[in-house]
Amino acid sequence: MTAPSLSAPPNSPPEAPSRRQLWKAAIKLPMYTVAVMPILLGSAIAAFETKRLNGGILALFLGAAIAIIAWLNLTNDVFDSDTGIDVNKAHSVVNLTGNRSLVFAIANLFLVAGIASIGAIAWLQQDWTVLAIILASCVLGYSYQGPPFRFGYLGLGEPICFVTFGPMALTAAYYSQTQSWSLLNWGASVFMGITTSLILFCSHFHQVADDLRAGKRSPVARLGTARSAALLPWFCGTAFGVVVAGVLWGAFPLWTLLTGLSLPIALHLCRHVGQHHDQPDRVSNSKFIAVKFHFWSGLALSGGFLLGAWLQ
């Protein structure tokens, strides 16, 4: 007689995630690169054009951006709990704590800290332009999920994301370094706007059913997963096209072609979503592939401008 097997039966259900794993997912640590990359890129472009970089201002801005992203993440959980769209989301901070009011209060503390840091930059420079840009960005960020707007439920999340994390964030970062404006910076902001919006776009594929049930008409819910997946190569191609066009035009330094090192990640993202777009369990990690693409492409592009500043 053989001994009983200690391994799980082949058709046993997957083990439920531990509370530690749920908190790790709720904190969304990889998502904070969304805050870092636009500020780093805008500051790198400022260094390229002026051959100067104020490290203290950059550090203040990065801290502010991280705090504001924490506010956005936490308030999104709060507002989603109000609509019931997160009822099946075990890693919602509100669901984990069971205390909506506490989460909302902590979120607002992060907002105050972020705005205070930007206010410090404005006070140091005696120029309130950066503060005005960031306040406008926060209003747009709130409108994504916050009542009475909830523009994300109308499918407007990606345009809001593009504007706030592309042109507005890069303009604020550039201005904090130079107290001036730049057409080159606005051109590069298209790249950052696209790669950031891809993260939000990819986050919809695995939750189409929940979105539709709650009345949220995300672009993926409107178009269907197959047509949405077919758009990804166009989005990625446009982002890379901005860099190539900038180099050919003579506006971007040659070093920015290092962004091409992130092409394998973009290809992996497009293939993965293309193959599994209608399989929620398989496609749910696509937003993290998009985060990886956003991080490495943004880091390479920022590095290209910094190399251009110091080597050309």
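Lys51 is partly exposed, because its relative accessible area is 46%. Partly exposed means between two limits: buried is under 20% relative accessible area and exposed is over 50%, with a 1.4 Å probe and protein chains only. Lys51 sits in the loop between α2 (33–50) and α3 (55–83). Helices here are DSSP runs of H or I with at least four residues, strands are runs of E with at least two, and both are numbered from the N terminus.

This is a predicted model, where local features need pLDDT of at least 70, side-chain atom pairs count only at pLDDT 80 or more, and totals for chains, interfaces and linings use all residues. Residues are numbered from 1 along each chain as its sequence is written, and side-chain values use heavy atoms, with hydrogens and water left out.

Stay with Lys51 for a moment. Which residues does Lys51 touch, leaving aside its neighbours within four places in sequence? They are Ala46, Ala309 and Gln312. Contact means heavy atoms within 4.5 Å. Ala309 is 258 residues away along the chain, yet the C-alpha atoms of Lys51 and Ala309 are separated by 5.7 Å. The side chain of Lys51 also has a polar atom 2.8 Å from the backbone oxygen of Phe48.

Now take the whole chain. How many helices and strands does the protein have? It has 14 helices and zero strands. Read along the sequence, the pattern is α-α-α-α-α-α-α-α-α-α-α-α-α-α. Of the 312 residues, 50% count as buried. Take the contacts with a separation of 6 or more: 72% of them join residues 24 or more positions apart.

Next comes the surface. The protein exposes about 15,100 Å², and carbon and sulfur atoms supply 68% of that area. Accessible areas come from the Shrake-Rupley method with a 1.4 Å probe; for residues, only the protein chains shown count as cover. One nonpolar patch covers about 650 Å². Its members are Leu53, Trp255, Leu258, Leu261, Trp310 and Leu311. Patch residues have over 30% relative accessible area and no salt bridge; like charges are joined within 9 Å, and nonpolar side chains (Val, Leu, Ile, Met, Phe, Trp, Tyr) within 5 Å. Leu311 belongs to helix α14 (residues 286–311). Leu311 counts as exposed because its relative accessibility is 54%.

Another leucine, Leu135, lies in helix α6 (residues 129–145). Leu135 is at 38% relative accessibility, so it counts as partly exposed. Ile115 is 20 residues from Leu135 along the chain, and their C-alpha atoms are 7.7 Å apart.

Charged pairs come next. The structure holds one salt bridge. A salt bridge is a side-chain nitrogen of Lys or Arg within 4 Å of a carboxyl oxygen of Asp or Glu. Arg213 pairs with Asp210, and the closest N and O atoms are 2.1 Å apart. Arg213 and Asp210 are three residues apart in helix α9 (residues 208–213), so about one helical turn separates them. Asp210 is partly exposed, with a relative accessible area of 22%.

Last come the cysteines. A disulfide is a covalent bond between the sulfur atoms of two cysteines. The cut-off used is a pair of cysteine sulfur atoms within 2.5 Å. A search of the whole structure finds zero disulfides. Cys202 is in no disulfide: the nearest cysteine sulfur, that of Cys236, is 7.8 Å away. Cys202 is buried, because its relative accessible area is 0%. Cys161 is at 10% relative accessibility, so it counts as buried.

Terms used: Polar contact = N/O pair within 3.5 Å; in protein donor to acceptor, adjacent residues only side chain to side chain.
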